[in-house]
Amino acid sequence: MRIHCPHCGPRGHDEFVHHGDAAPRRPQADAPDAAFHDYVYLRDNPAGPYRELWFHAAGCHSWLVVERDTRTHEIRSVTFARGDA
Amino acid sequence: MSARLPSGGLIDRTRTLRFSFDGRRHEGFAGDTLAAALLADGVRLVGRSFKYHRPRGVLTAGPEEPNALVELRSGARREPNTRATVVELYDGLEAQSQNRWPSLRFDLLALNGLFSPLLGAGFYYKTFMWPSAFWEKVYEPLIRRAAGLGSLSTAPDPDHYEKATAFCDLLVVGSGPAGLMAALVAARSGARVILAEQDCLFGGRCLSERIVLGDGSAHRWVQSVVAELAATPGVRLLPRTTVVGTYDHGAYTAVERVNDHVAAPPPFEPRQRLWRIVAKRAVLAAGALERPLVFGDNDLPGVMLASAVSTYINRYAVRPGERAVLYADNDHAWATVADLRAAGAEIVAIVDPRPDARARAAVVARDAPLLTGVVRRALGGRSLQGVEVVGADGHVHRLDCDLLAMSGGWAPTLHLTSHLGAKPRWDAERSMFLPEQLPPWLLVAGAAGGELTTAAALSTGIRIAEGSLQSLGIAPRGVTPPVAGEEADAWTPLWRAPSGRGKRFIDFQNDVTTADLELAHREGFGASEHAKRYTTLGMATDQGKTSALNGLATLAAFTGKSIGEVGTTTYRPPYTPVAIGALAGHHRGPDFRPTRLTPSHEWAREQGAVFIESGAWLRAQYFPRAGETDWLPPVIREVQAVRSTVGLCDVSTLGKIELKGPDALRFIERLYANGWQTLAVGRARYGVMLREDGRVMDDGTVARLGEQHWFMTTTTANAVAVYQHMQHCHQVLWPELDVQFTSVTEQWAQFAVAGPRSRELLRRILASGEDLSNDAFPYMAAQAVTLTDGLRGRLFRLSFSGELAYEIAVPARHGDAVIRRLAAAGEDLGVVPYGIEALGVMRIEKGHVAGNELTGRTSAQQLGLGRMLSTQKDYIGARLARLPALDDPADTQLVGVRPVDVKTRLMSGAHFLPLAAPTTFEHEQGYVTSVAYSPSLGHWIALGLLKNGRHRHGERLRAVDLLRSQETEVEICEPVFIDPQGARLRG
């Protein structure tokens, strides 16, 4: 796979570390225990478009949100995770 | 008997090459393959088959060869299962036939053929079922001896392999007419082009067939095109390079056989090079593979693909037989008749199953009989002597011949289009599987796309390249294809094999016959993927290149489905076998990954250090002196030196991260479980970091060097993971925090100076103004310092050993000089270097947790660090760390362990069991995590994780090590063995 890092340009996927689902948001400190449980343990596993976090470990050290179709590996977008909320 | 023609071919007759096959000496010419040279010397029997040990000859002239597999070279370079049809001849080549015993001509195991009813499809699932204990000891070794391909050299590979990456606009796979045209269009248009050809020569079919292009031979045309390509900037020609895999987003793997055509690679050259090619567009112009026909004993040496016969005649000037029969269901194969005649062979007959071909074939047949019908069976012992033909009228003819050239039409080589999972589509009208669902960056031209004539290959090559370039925004420059003559290409495929005597082979390499497929179908394994597993059809080195289509057609006939409905099995990389060495490249042995050396490595080596791998680092384990032959005496001596005088240890491998910014404190507060608000500038503190699930991730120290300037360390093992975690926290969770940080692990050399006389030693290398008194620089102080020569460094009063101790950090490039200065300055104090063994002993004596306890499964509470968990703030893991399950008394807790009999040794990994209870899993109560011989106490000590251990100090248990068959009675104690009040480190 080739991932177009917005900072470094197109690079081989072996430069990146995969971190899974980009959707979970860390709950506020006063959220119930269940919210933290879900944040830590629950992940979707769709067959289709998926927004996931990748870390450009052998590059610029950016955390990226990669929108990838898990069936075809087609990558629709790559953006910085910073400010993704 | 030489079968070499007096002239012609693309061989260099001025260069005679000597080689041996099964110890017999032969000669060939430069430009030969091993198969061509053997055929030229009249060798027809080249191997024995996998299961039945039947005699086999050369079937093809390419990488699809299923029969002519040989062991090449000798000694450490011996390589089994090389295809003689693609092995380039070199002087001194040694080859051995495989899978025969005691010899190729006389193979005792050919008796297997008599037992073939026992060895049918799925035989190993059925025949050797009972008794089950016999499988491992009797049946499997027996079968492995009888059935199998070549044997490996078990010596280390002496050759060198390398990897390379290349980028281009257009990758062209294959250099036949279509590939050359595509490459030429792209080259003339200024695109970056890579042309990969598996053969040593460019040209594809132009090398094998007598084709006229324009006003000359196709071969001359090839040479002019290749010359132009070679002279065009931006074009990379890769002969001897097989593209073996297609990967996502236009990435390809190719193997370049840089030095397989010589006896051994020259100095400093690799044997093979593994390419990763990243191409914006790729044109697959890999051609097509000819299909064998199925009839009784169709595996006899002398039965050959028609295209192979033409190749041996036209390219290698070898006449594969004297009296030939052509058996084909298509007009294209008639060219082989002309080639045979030109080579001086007699055409015994042309056998064609198509009644409608009779009139057209008459022109080709000339004086040879033309039989409308099918070949029922090949006749002969070790070599073909004749064929039985059943005419359309049912009349059986027996023809004497020593060569049968067969052709069942052509199957596009579409493997690379299916590696991403797309299934090829069956085109019933054209009787071929064609590429389907191609990604926009992968295109197909020529025969690979079903365009079988030269004229169509030329024009599709141009058209596809032009389209590709346009889609990249590159204006294509016009190329006019040479005029190609008319080619006969009518084809009515013959799928059904005639019934009759003899084995009708579908897969030559795996000895799979129509009977095996029938059995598979009868037993419910008729789906293509099932049949493959049940019969081994299409497995091993050729991966069904000559057998897949016949197998599917046979299954289709049994199931009453169409070939398209049966469908192909899945195509996976690699297209042809790849040496493991090529995949590994440089990454083998000690070079498996880069080795990181500490700044004091050279000095430590001079001190006689024994090194040990610690992650990617090489660290000094201990420093034996003369006479110290075992590891324990130097470790004891080093510990005693630190506890009595002073020692030096390189701790640069700790992860080091520098943080700055107005929100650095806030960031650190959220990162660590304990509090930092009260940490003053110039002070350091121990910190524990959790994962969000509440378990301990890592520990280390954080020093506050300025109001907004912090410096933290991680454990050696977790340095990369912690840094990545911090980036995640900052970029993903809290991008609003104004903090910057970077890893400085490589930038600083850091040395522990530990022991009662460490202060005295440091004073000798620090500038006179530096005050190291306990008041000015107390325990946990952290400050910038100046050395006597003006070098700036940092000094931390940290102690892992429990003694008065410091860590001094200097820029890494000064590390070697500073460790030498420390050693020299402390000589009269008795300073010793100590390694990570002594470091480990002292941390166990002090009860500090390390990797053996920080397993990722332990909570802070279990490790006795529960009091550190702040309740005043939010931090990573704060919430789930408070779950009762993480502080459950039924769970294990950190304890100290000492043997009741102080002479006994403790074993790491031993399990705790009550004194009286039996040694069973349900009585297991925890285990020993770290052990050390404590020189200070004079006996072995350990740390362990014990259920409810904090409340069991003083209790006696058994520590049972079932792996080493050892049991020790132990007493549980406080996990601190030395100076529990910490008086020494504050002294």
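I am working with a predicted model, in which local features need pLDDT of at least 70 and side-chain atom pairs count only at pLDDT 80 or more, while totals for chains, interfaces and linings use all residues. Residues are numbered from 1 along each chain as its sequence is written, chains are lettered from A and ligands numbered from 1 in the order in which they are written, and side-chain values use heavy atoms, with hydrogens and water left out.

Interface. I looked up the contacts (heavy atoms within 4.5 Å) and found 28 residues of chain A touching 24 residues of chain B. The two chains bury about 2300 Å² between them, 54% of it on carbon and sulfur atoms; this is accessible area (1.4 Å probe) lost on being put together, summed over both parts. For salt bridges (a side-chain nitrogen of Lys or Arg within 4 Å of a carboxyl oxygen of Asp or Glu), I noted 4 across the interface, including the one between D33(A) and R879(B), whose closest N and O atoms are 2.9 Å apart.

Cavities. I then searched the whole structure on a 1 Å grid over the protein atoms alone for points where a 1.4 Å probe fits but cannot get out, and 7 cavities of 30 Å³ or more came up.

Definitions and conventions: 1 Å grid on protein atoms, 1.4 Å probe; cavity = no way out; pocket = protein on both sides within 12 Å on 5 of 7 lines; lining within 4 Å. Points joined across faces, edges and corners; volume = space filled by probe spheres on them.
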